[in-house]
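Please study the structure before working through each solution.

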Amino acid sequence: MLEANRKKVVVLGAGGHAKVVIDILRADPKIELVGCIDKDPSLRSVARLPVLGDDSLLAGLHAQGIQHAFIAIGSNRVRQQLGQQLESLGFRLVSAISPFSWISDSAQLGDGVAVMPGAVINAEAKIGRLSIINTGATVDHECDIGEACHIAPGSALSGNVTVGKGTFLGTGTRVIDAIEIGPWAMVGAGSVVTRPLPGRCTAVGVPCRVIKLRTDD
């Protein structure tokens, strides 16, 4: 009965991030992985999973009864765009939640999120769809992480932090409590954020300071 109820899932992406995601999805008894989608024609497999071809195959796969997908791509912008494409084709996004992470029962997670080993998501935190909480990252109580964000390995967010859509916090970023970071910001590895940051900025340092404002997303 369990076999019949398993979700057939196609993974978009075939890089290092995809390898970690595949390991996590394999640990979920409700999921059956069918293969990866990637634009590199030289790839034949990744993490013992076949690379089926590029995204031109997606409509056909859905027609064959493969109705679930996970986007295992690090770029926030690409992940958001592919999420829209998949949903327009009728796919439903699954999440990759490591059994070695800890997530509060009162936390809220959107569709298509990745929560990696060692990650901690505490009480009443909100994680937007298509976001990544990477290895060993901690998101404390009542944080609000927007859509398609990436909280990189070893980052630590104190309570009540707000992170806007599409923002990237580099490896080992620290954010003190109640800070707001605008959408599509990029924060360099090892930075310590002690003041609010505007959207579409690049910011680095200890304490973190804005070094560039962008007009693009």
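E147 counts as partly exposed because its relative accessibility is 22%, where buried means under 20% relative accessible area, exposed over 50%, and partly exposed in between (1.4 Å probe, protein chains only). The model is predicted: local features need pLDDT of at least 70, side-chain atom pairs count only at pLDDT 80 or more, and totals for chains, interfaces and linings use all residues. Residues are numbered from 1 along each chain as its sequence is written, and side-chain values use heavy atoms, with hydrogens and water left out.

**Exercise 1.** Determine which residue meets E147 in a salt bridge, and where the two partners lie.

*Solution.* Step one: a salt bridge is a side-chain nitrogen of Lys or Arg within 4 Å of a carboxyl oxygen of Asp or Glu. Step two: the partner of E147 is R129, at 3.1 Å from N to O. Step three: E147 lies in the loop between β15 (144-145) and β16 (150-151), and R129 in the loop between β12 and β13, so the pair ties together parts 18 residues apart in sequence. Step four: salt bridges with shared partners join E147, R129 and E87 into one network.

**Exercise 2.** State how far apart the closest N and O atoms of E87 and R129 are.

*Solution.* These atoms are 2.6 Å apart, and the two residues form a salt bridge. E87 has a relative accessible area of 38% and is therefore partly exposed.

**Exercise 3.** State how many salt bridges a search of the whole structure finds.

*Solution.* The search finds three. Among them is the pair D28 and K30, at 3.3 Å from N to O.

Definitions and conventions
Helix = DSSP H or I, 4+ residues; strand = E, 2+ residues; numbered from the N terminus.
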